[in-house]
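Open the structure in a viewer with selection and distance tools to hand. The stops below can be taken in order.

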Amino acid sequence: MTSATYQVTGMTCEHCVRAVTGELRALDGVGGVTVELVPGGSSAVTVTSEAPLPAGAVAAALDEAGDYLLSGE
């Protein structure tokens, strides 16, 4: 198992956390997702998976969840 933390912008509430968590958990090999919500700022999203995830797959899951972006994009 590997773990990676991403900085995600656009999250403001627990609904955002549930949406992002659900989409990321749906990715192949993901075993867990934790979110440290910073409303209106950059939230830390930690993903535990069997292998490192491509940044594009993470970005696509965030886009599917709503108007969320990897910080710096």
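The model is predicted, so to speak of local features a pLDDT of at least 70 is needed and side-chain atom pairs count only at pLDDT 80 or more, while totals for chains, interfaces and linings use all residues. Residues are numbered from 1 along each chain as its sequence is written, and side-chain values use heavy atoms, with hydrogens and water left out.

Next, show strands β2 (residues 30–36) and β3 together; they run antiparallel and are joined by six bridges. Strands and helices here are DSSP runs numbered from the N terminus (E, at least two residues, for strands; H or I, at least four, for helices). Two strands pair if DSSP finds at least two bridges between them. β2 and β3 form a hairpin with five residues between them, and Gly-40 in the turn has a positive phi of about 75 degrees.

How many residues of β3 are buried? Six of the eight in β3 (residues 42–49) are, where buried means under 20% relative accessible area, exposed over 50% and partly exposed in between (1.4 Å probe, protein chains only).

Now pick Thr-46, in strand β3. Thr-46 counts as buried because its relative accessibility is 18%. Opposite Thr-46 stands Thr-5, and a polar contact of 2.9 Å joins their side chains. A polar contact is a pair of N or O atoms within 3.5 Å; within protein, one must be able to donate a hydrogen and the other to accept it, and residues adjacent in sequence count only if both atoms are side-chain atoms. Leaving aside residues up to four places away in sequence, Thr-46 touches Ser-3, Ala-4, Thr-5, Gly-32, Val-33 and Thr-34 (contact: heavy atoms within 4.5 Å).

Move to helix α1. Its buried residues are Cys-16, Val-17, Ala-19, Val-20, Thr-21 and Leu-24, and they pack against β2, β3 and α2 (55–65).

Finish on Cys-13 and Cys-16. A search of the whole structure finds zero disulfides. Cys-13 is partly exposed at 31% relative accessible area, whereas Cys-16 is buried at 5%.

Conventions
Disulfide = S-S within 2.5 Å.
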